[in-house]
Amino acid sequence: MQMVSEWRATLTYPLTLSRVLERMIRYWGHVDVVTRRPDRSLHRTTYADLYRRAHALARALTRLGIRPGDRVATLCWNHSMHMECYLGIPITGAILHTLNLRLHPSDLAYIVNHAEDRFLIVDDVLLPLFEQFKQEVRLERVFVIPFSGESVPEPYESYEELVKGPFEPFPYPDLPEDTPAMMCYTSGTTGRPKGALYSHRAMVLAAMATMLADTFAVSRRDTILAVVPMFHVAGWVLPFSAPLAGARLVLPGPHLDPESVLELISSEGATFSGGVPTVWLGILDALERSPEKYPLRRELRVAVGGSAPPESLLRRMKRAGIRLIHGWGMTEVLIGIQSHLKPYMETWPEEQQVAMQLKQGMPVPLLEARIVGPEGEVPPDDRTMGELQVRGPWVAGSYFRGEAPEAWTPDGWFRTGDVAVWDAEGFIKIVDRTKDLIKSGGEWISSVDLENALMTYPKVKEAAVIAVPHPKWMERPLAVVVPREGETVTEEELREYLRPKFAKWWLPDAFVFTKEIPKTSTGKLAKLVLREQFKDWKWPES
Ligand code: AMP
């Protein structure tokens, strides 16, 4: 009798990103990648060219001494050269570390130093940002992408020097599939920003997951307009799923105003796009103003996530004939939960369908989710709340340097910091978050950092900063301030005090002065009580 151990069920090889590059060159070399440049002109290239340049980049980085495990950072908009970094850096075994260009320079300095990035690749148009923290960081080399078309200013080295010359293939090293491929920092939990690490295997499987019919259904028939910044959550993995699937890729560069994005969706015939609700609310405004100006493809579907979309967004998308895919994701989780209806729900009354789509939905295949309360997993009764925890093949297994291990349960589930309920259909609904953060237009603001800064102001006794719902930004910060006895403080002086310390969009939009801030039984600021108190706050028209 044959021994079971003599059988090999499958002949496996490591799931590394070189597989994506090889499929891309073998089948999709002719497919184009379009970038809108800073001067608004369109630059067109192909996957074949991207392949050549990514290989050249990998060769150059290796020649310059980049070794497996080293970090190479990018500070870039969405464009084809950033795609080359996505493809060319991880195949060397090094870690592509995308930097968020919306952060304050002091946060960027902290992150670059914490990650010990060796090299940085930066857009020439972002040099003014880099120069604000350049003196504070230890980088060995800085390469500048001449994205604007101008020559690279002295004394910087040009990125083009790395990728020019006749094509010579880069010999892929044998990398185990759990080699880290990418890292994105997140403030999506409390404390200092932390680096979420993704392995090659995680990226390949997440890219596969985006190609499923019941997720984003990315395919060779798609033209993807990638609005989600490539520095966020690996650009929702689209930089890998597009070349794997053979989809055309359209990259908006720095032009993210609604008219520019809409114009590109229309002129390039996009069939798939995605982004945070704020971006899509703006796009819908522009579309509704002049629908005849922007004919859209009938197949257009749009993934919206990063914050809960308001009901109006769902209805307006429907009216515009755009299919909305509502999804929940996280830097640590990549692709997560989506609210595709089950077929029988499509016969339900409209109101009920809308209610289901507004929930975050069900985990995508191979991702597992559970909601845990003080008594263990909560029942699917749509009202018992608990913490949402997830696990799966592409969920980050640790933060860089092993920080904050408590974000994972002892049995390997990632604690999301989101509070949720679930129903008998298996649909999850996010109802709150335990993280003391504000999400404005898809970007995090730390309420604790703002509070700490406010409390260093001599005339302030106590301060709490809370997230208050906002029609355009989804949430904005509101500061509740208790002045010291006998002192009067004004909104203007507090704003002036905070201004140099934070990015402009972090500053609270409103300050409310009070005699006392409610406290919890353990003496902490009772943010829940405050949030409830200010939930119907009327912001001035923006
Ligand atoms: P980030 O790591 O910046 O992508 O932020 C992830 C967090 O954004 C989640 O933990 C949620 O708090 C929030 N989030 C993402 N998608 C949604 C959604 N569809 N609805 C509600 N909150 C969301």
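**Reading a ligand site, pockets and strands**

Colleague: Let's start at K439: what lies 2.9 Å from a polar side-chain atom of K439?

Modeller: An oxygen atom of the ligand. In general, a polar contact is a pair of N or O atoms within 3.5 Å; within protein, one atom must be able to donate a hydrogen and the other to accept it, and residues adjacent in sequence count only if both atoms are side-chain atoms. H326 uses a polar side-chain atom too, 2.9 Å from a nitrogen atom of the ligand. With G327 the polar atom belongs to the backbone, and a ligand nitrogen is 2.8 Å from it. As for burial, the ligand taken alone exposes 500 Å², and the protein buries 95% of that. Those areas come from the Shrake-Rupley method with a 1.4 Å probe; for residues, only the protein chains shown count as cover.

Colleague: Before we go on, what should I know about the model and the numbering?

Modeller: The model is predicted, so to speak of local features we need pLDDT of at least 70, while side-chain atom pairs count only at pLDDT 80 or more, and totals for chains, interfaces and linings use all residues. Numbering runs from 1 along each chain as its sequence is written, and side-chain values use heavy atoms, leaving out hydrogens and water.

Colleague: Back to the ligand. How many residues surround the ligand, and which are the closest?

Modeller: A residue is near a molecule or strand if one of its heavy atoms lies within 4 Å of it. Here 17 residues surround the ligand, with G327, T331, D418, K435 and W444 the closest. By class, that shell has five nonpolar, eight polar and four charged residues. The convention is that Ala, Val, Leu, Ile, Met, Phe, Trp, Tyr, Cys and Pro are nonpolar, Asp, Glu, Lys and Arg are charged, and the others, Gly among them, are polar.

Colleague: Which strand gives the most to the shell?

Modeller: Helices (H or I, at least four residues) and strands (E, at least two) are DSSP runs, numbered from the N terminus. Strand β14, residues 323–330, gives the most, with five residues.

Colleague: And how do I read the empty space?

Modeller: Rolling a probe the size of a water molecule over the atoms shows where empty space is left. On a 1 Å grid over the protein atoms alone, a cavity is a set of points where a 1.4 Å probe fits but cannot get out; a pocket is an open set with protein on both sides within 12 Å along at least five of seven lines, and lining residues have an atom within 4 Å of a point. Grid points are joined across faces, edges and corners, and a volume is the space filled by probe spheres set on the points.

The second largest pocket comes to about 330 Å³. Of its 15 lining residues, R323, L324, I325, L341 and Q357 lie nearest the centre. β14 turns up again, giving the most to this lining with four residues.

Colleague: How many cavities of 30 Å³ or more does the structure hold?

Modeller: Two. The largest has a volume of about 40 Å³, and its lining includes W77, N78 and F231. That lining counts six nonpolar, two polar and no charged residues.

Colleague: Now strands. In which sense do β20 and β21 pair?

Modeller: Two strands pair if DSSP finds at least two bridges between them. β20 (residues 414–422) and β21 (residues 428–433) pair in the antiparallel sense over five bridges, with W422 standing opposite I428. They form a hairpin with five residues between them, and G426 in the turn has a positive phi of about 90 degrees.

Elsewhere, an open sheet of seven strands runs β7-β6-β5-β3-β4-β8-β9, with mixed pairing. Its edge strands, β7 (157–158) and β9 (194–199), each pair on one side only. β8 (residues 180–186) and β9 are antiparallel over six bridges, and M183 stands opposite L197.
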